[in-house]
Amino acid sequence: MRKRMIMSAVVVLMALLIWGCSNRDESKQEAAEEYVIGVVAKSGTSEYWMSVRSGMEAAAKKYGARVMFFAPEAEDNLEAQEKYIDELLKRKVDVLAISPIDAFGEPTYVKLAKDKGVPIVAFDSAYADLDIPYIGIDNEQAGYEMAKYLAKKLDYSGEIGIVSGELNQMCHKERVAGAKRYIDSQPDMQIAYVESGYSGAKMSGEIIAAQRQKYPGVKGLVVTSAVTALGIIESSEAGTMKIVSIDVQKDAILALKNKRISGLVAQSGYDIGYETVCYVDALRKGEAKENQVVLDADFLTPENVEGYLEEYTY
């Protein structure tokens with residue numbers, strides 16, 4: 001653990017030093033005019049997070065802003081995320097856009113940002129108890145739709161399992177709540193277990209096998225991260241379980257087309273990134289009327305995915 005903490009700090013400091021060095025040759029006039037959005041995501045390694053970054057950079061180009069994008073490698077590395085935020089606040093950023101790893105409580109950086117006059121917006125995942133604007137999908141409704149479709153595939157009877165990301169992240173907590181809300185409405189269905197802690201991480205075959213042995217009646221899974229769902233279907237231990245998940249990324253779409261995933265909530269990272277910067281621009285101009293921007297998310301199946309792909313390019 002100590003080694004990991006040291007390595008996280010080194011990575012953060014190196015990234016910020018590179019940023020600092022890259023800016024030395026900029027003219028004072030350009031620095032004064034440039035509008036800088038400091039972005040700290042939960043991770044930057046998966047296709048989903050790379051698409052978020054692409055959307056942000058496209059919108060920033062449109063509005064004449066600059067995005068400084070930082071993220072830990074792992075979605076559970078709160079220490080690294082907060083170091084990035086603290087370092088950005090020491091430099092010149094006009095706004096912070098954060099996808100919080102821990103949604104609860106009030107981090108010290110919130111007060112520091114307020115004292116510096118730097119607004120904060122949340123994207124992808126909201127804060128639980130803070131009045132901070134949010135841009136993303138309705139995650140509870142996404143969980144509800146996943147459970148609803150899974151129930152249909154299982155003829156509205158039997159047990160299901162939920163494999164969730166970290167429950168201190170609002171997106172995963174809300175998806176679980178939505179799935180529970182739907183299953184509670186079905187008299188012949190039950191949730192056998194909620195296995196949490198898989199925010200963008202793959203489950204091992206051993207864990208899947210242990211769950212199947214402990215809960216042999218489970219025939220389907222709601223999985224709140226596509227990366228985790230892909231890890232499950234890659235394991236021979238997954239068997240014939242029906243799996244529904246979330247996030248539009250090429251490998252998940254391919255798994256859906258091949259019917260290895262039964263259903264997929266089409267959360268577009270690109271759209272979330274793009275709309276976050278659009279909101280920031282409106283906020284800067286005093287034109288942001290709402291405290292949240294809730295984006296649509298289609299539900300994809302093997303039957304409708306081709307039509308979706310004809311309309312959208314990923």
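**Confidence, burial and aromatic pairs in the predicted model**

Residues 1–7 keep a pLDDT under 50, and the model gives them four contacts beyond four places in sequence. Here pLDDT is the predictor's confidence in each residue, from 0 to 100, and a contact means heavy atoms within 4.5 Å. Residues 22–32 also stay under 50, again with four contacts beyond four places in sequence. Where pLDDT is low, the predicted coordinates should not be read in detail. The average pLDDT of the protein is 89, and 89% of the residues score at least 70.

The model is predicted: local features need pLDDT of at least 70, side-chain atom pairs count only at pLDDT 80 or more, and totals for chains, interfaces and linings use all residues. Residues are numbered from 1 along each chain as its sequence is written, and side-chain values use heavy atoms, with hydrogens and water left out.

The protein holds 12 helices and 12 strands. These are DSSP runs (helices H or I, at least four residues; strands E, at least two), numbered from the N terminus. Of its 314 residues, 50% are buried. Buried means under 20% relative accessible area, exposed over 50%, and partly exposed in between (1.4 Å probe, protein chains only). Among contacts between residues at least 6 apart in sequence, 73% join residues at least 24 apart.

Serine 164 sits in the loop between β6 (158–163) and α7 (170–184). Its relative accessibility is 0%, so serine 164 counts as buried. Beyond its neighbours within four places in sequence, serine 164 contacts His172, Val176, Glu195, Ser196, Gly197, Tyr198 and Thr224.

Aromatic pairs were assigned for rings of Phe, Tyr and Trp (its six-membered ring) with centres within 6.5 Å; planes under 30 degrees apart count as stacked, over 60 as edge-to-face and the rest as tilted. Phenylalanine 70 belongs to strand β2 (residues 65–70) and tyrosine 84 to helix α4 (residues 78–90), so the pair ties together parts 14 residues apart in sequence. Phenylalanine 70 is buried at 8% relative accessibility. Tyrosine 84 is buried at 3%.

The rings of tyrosine 149 and phenylalanine 299 have centres 5.0 Å apart and planes at 45 degrees, so this pair is tilted. The pair links distant parts of the chain, 150 residues apart: helix α6 (residues 139–153) carries tyrosine 149, and strand β12 (residues 299–300) carries phenylalanine 299. Both tyrosine 149 and phenylalanine 299 are buried. Ring pairs also join Tyr48, Trp49 and Phe123 in a cluster.
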